[in-house]
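Here is a short briefing on one protein model. Please keep the sequence and the 3D view open while reading.

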Amino acid sequence: MKFDVIIVGAGLAGASLAVALSRGRLRIALIDGGPPIRTSGWDSRIYAYSPANVAFLQTLGVWERLDLSRTCAIHDMEVFGDRGGALRFSAGDCGVDALAWIAESSLVHLELWESLKRQHNVQLFAPTVPASLEVREDVAEVELDTGLRMTGRLLVGADGRNSWVRARAGIDAREVVYDELAIVANFACSRPHGNRALQWFCDDGIVAWLPMAGNNMSMVWSAKKQRAEEIMATDDDTFTRMVAEAGEKAFGELSLITPRARFPLKFMRVSSVVSKRVALVGDAAHAIHPLSGHGINLGFQDAKVLSQKLLDLPEWGDPGDERILRAYARERAEEPCLVQYVTHGINRLFNIRHPLAVAARNFGLNLTDRLPVVRNALTRYAVSGKF
């Protein structure tokens, strides 16, 4: 079977890339292990979608088809250091409607798949996984575990942090495995959250509360592995009390509404996001600490930039042309690198317990909070990806 583009991985980044290419003439194969699953209650995996990426999803016709009663805007964010430092961001101060929008992963993922089903130029292969890859001068050939063979002039790896495509294409990845786990869970709150997101850098790690629809909130607690395992071992009542106390009961009493989950954290940077006939997007291209909340936003911007390069091709153009891939790599070089190293640096800084480091980082938070120009510039970057 012959295609112009083969995308391995139909998660949020891969599926959004395929949907973005619906306006073009390219024939697309999309390979995935299985469709997203609709949860019976709230999805425990919650993302903060930046306004730039909400706009991207709107251009795909996805955002407006969501159940928007299950989304929540963040109007304000407050960050607290471990010794009195504080930094506050406000959408109103920067003239934007929201700093971000909170929505369940499955909510967006399911709607992307619904769009794919209506798309004339996409053939979906699921559930299946690739078994072998041969990259030749003019095409990449993939064999699936079913024995089916297909060729594409461009192969896109959108298959996550442990990317099969990245490994088979020989693209090196440098990893720093943090001795940390992220614990996630959702709670109902007894007090209105007021569309505020809160984050604490504390002795027990980094705790973030994200406002959800219906006066609920999503919690991410990043902690040293041993401490995280201790937290996970507690019963639900003890766990809920610990979360409430970690956040100084800012949203009142809490009630657990989803099972808690945990996942390991790591920093991952690739030698290049492209190689011959291959491009990487999403977590296959970069992995960052969740303290910035930028992971999925980087993936959507990868999809946006790559799709535009491919849609701009003339009718006779080759989607796997080296010049196209180099242009994509150049345009996606700055933002992921900046976000990765800033979040990595902040994580390392708040793990230093020396009194001078403690004083310096809390002084830095307070100083930034007192400089509206700097604070608003940081807000604009978080909102749009540009200063």
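Strands β12 (residues 173-189) and β15 pair in the antiparallel sense, over nine bridges. Strands here are DSSP E runs of at least two residues, helices are H or I runs of at least four, and both are numbered from the N terminus. Two strands pair if DSSP finds at least two bridges between them. This is a predicted model, in which local features need pLDDT of at least 70, side-chain atom pairs count only at pLDDT 80 or more, and totals for chains, interfaces and linings use all residues. Residues are numbered from 1 along each chain as its sequence is written, and side-chain values use heavy atoms, with hydrogens and water left out.

- β15 spans residues 216-224, and eight of its nine residues are buried. Buried means under 20% relative accessible area, exposed over 50%, and partly exposed in between (1.4 Å probe, protein chains only).
- β14 (residues 205-212) also runs antiparallel to β15, joined by seven bridges.
- Across that pairing, P211 stands opposite M217.
- β14 and β15 form a hairpin with three residues between them. In the turn, G214 has a positive phi of about 70 degrees.
- In a regular strand, side chains alternate between the two faces of the sheet.

**Helix α6**

- D235 caps the N-terminal end of α6, with a side-chain oxygen 3.1 Å from the backbone nitrogen of D237. A polar contact is a pair of N or O atoms within 3.5 Å; within protein, one must be able to donate a hydrogen and the other to accept it, and residues adjacent in sequence count only if both atoms are side-chain atoms.
- α6 covers residues 236-246, and its buried residues are F239, T240, M242, V243, A244 and A246.
- The cover over those buried residues includes β12, β13 (196-202), β14, β15, α5 (225-232) and β16 (254-256).
- E248 follows α6 and has a positive phi, near 55 degrees.

**Nonpolar cores**

- A nonpolar core is a set of buried Ala, Val, Leu, Ile, Met, Phe, Trp, Tyr and Cys residues joined through side-chain atoms within 4.5 Å.
- The largest core has 69 residues, and I6, I7, Y49, M150, L155 and L310 touch the most other members.
- Helix α1 (residues 12-20) gives this core its largest share, seven residues.
- Another core lies apart from it, with 23 residues, among them W209, A223, I231 and L254.
- Beyond its neighbours within four places in sequence, Y49 has contacts (heavy atoms within 4.5 Å) that include L12, W63, W101, E104, N297 and F300.

**Single sites**

- E134 lies in strand β9 (residues 130-135). E134 counts as partly exposed because its relative accessibility is 40%.
- Beyond four places in sequence, E134 is in contact with V139, A140 and E141.
- E134 and A169 are 35 residues apart in sequence, and their C-alpha atoms are 8.7 Å apart in space.
- S163 sits in the loop between β11 (149-157) and α4 (164-168). Its relative accessible area is 3%, so S163 is buried.
- A polar atom of the S163 side chain lies 3.4 Å from the backbone nitrogen of V165.

**Cysteines**

- The structure holds zero disulfides (cysteine sulfur pairs within 2.5 Å).
- C72 counts as buried because its relative accessibility is 5%. C189 is buried too, at 11% relative accessible area.
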